[in-house]
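Dear colleague,

My notes on it follow, arranged by topic.

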Amino acid sequence: RMLYNEALKQARIEANMTQVEVGESLHITQQTVQGWEKGKSDPNISRLIQLAELYNVSLDKLIGRE
């Protein structure tokens, strides 16, 4: 099973987005996105929902449970 932070990064890559683009879409910094993908911090549930919608994936896939 994929680690949570790896699943976040993989979903972003599959959506063909950069960390900067994700940050701009969610009105957060690229450093915040990088922190999530490196496992240094976690997005809250509302951010996870936004990410799932942005990447067009399920929440299960986004957190590495699919």
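**Ser25 and its surroundings**

Setting aside neighbours within four places in sequence, Ser25 is in contact with Met17 and Leu54. Please note that the model is a predicted one. Ser25 belongs to helix 2 and is partly exposed, with a relative accessible area of 37%. The C-alpha atoms of Ser25 and Gln50 are separated by 9.4 Å, although these two residues stand 25 residues apart along the chain.

**Overall architecture**

The secondary structure of the chain consists of 5 helices and 0 strands, and the order of elements from the N terminus is α-α-α-α-α. For 66 residues, a compact globule would have a radius of gyration near 11 Å; the chain has 10 Å, which agrees with that expectation. Along the principal axes, the C-alpha atoms fill a box of roughly 30 × 25 × 20 Å.

Of the 66 residues, 35% count as buried. The chain exposes about 4200 Å², of which carbon and sulfur atoms supply 47%. When contacts between residues at least 6 apart in sequence are considered, 54% of them join residues at least 24 apart.

**Helix 1**

The buried residues in helix 1 are Asn5, Ala7, Leu8, Ala11 and Arg12. Around the axis they cover an arc of only 160 degrees, which puts them on the same side of helix 1. The buried residues of helix 1 pack against helix 2, helix 3, helix 4 and helix 5. Just after helix 1, Asn16 takes a positive phi of about 55 degrees.

**Helix 3**

In helix 3, the buried residues are Val33, Gly35, Trp36 and Glu37. Their packing partners are helix 1, helix 2 and helix 4. Helix 3 is followed by Gly39, whose phi is positive, near 80 degrees.

Helix 4 has Leu48, Leu51, Ala52 and Tyr55 as its buried residues. Viewed down the axis of helix 4, these buried residues fall within an arc of 100 degrees, so they line one face of the helix. They pack against helix 1 (4-14), helix 2 (19-26), helix 3 (30-37) and helix 5 (59-62).

With 38% relative accessibility, Ile49 counts as partly exposed, since the buried class is limited to residues under 20% relative accessible area. Together with Ile45 and Leu59, Ile49 forms a nonpolar patch on the surface, and the accessible area of the three together is about 250 Å².

**Salt bridges**

How many salt bridges does the count come to? The total is 2 salt bridges.

One of them joins the side chains of Glu37 and Arg12, at 2.5 Å from N to O. Glu37 lies in helix 3 and Arg12 in helix 1, so the pair ties together parts that are 25 residues apart in sequence. Glu37 counts as buried, at 9% relative accessibility, and Arg12 likewise counts as buried, at 9% relative accessibility.

A salt bridge is also formed by the side chains of Lys61 and Glu14, at 3.2 Å from N to O. Lys61 lies in helix 5 and Glu14 in helix 1, so this pair ties together parts that are 47 residues apart in sequence. Here Lys61 is partly exposed, with a relative accessible area of 29%, and Glu14 counts as partly exposed, at 45% relative accessibility.

**In brief**

The chain comes to 5 helices and 0 strands. The buried residues of helix 1 pack against helix 2, helix 3, helix 4 and helix 5. Salt bridges link Glu37 with Arg12 and Lys61 with Glu14, while Ile45, Ile49 and Leu59 form a nonpolar patch on the surface.

With kind regards

Definitions and conventions
Residues numbered from 1 in each chain as written. Predicted model: local features only at pLDDT ≥ 70, side-chain atom pairs only at ≥ 80, totals over all residues. Heavy atoms only, no water. Patch = residues over 30% accessible without salt bridge, like charges linked within 9 Å, V, L, I, M, F, W, Y side chains within 5 Å. Areas by Shrake-Rupley, 256 points an atom, 1.4 Å probe, with all protein chains shown as cover. Salt bridge = Lys/Arg side-chain N within 4 Å of Asp/Glu carboxyl O. Buried < 20%, exposed > 50% of the residue type's maximum accessible area, 1.4 Å probe, protein only. Helix = DSSP H or I, 4+ residues; strand = E, 2+ residues; numbered from the N terminus. Arc of directions from axis to C-beta. Contact = heavy atoms within 4.5 Å. Rg over C-alpha atoms; globule rule 2.2 N^0.38 Å.
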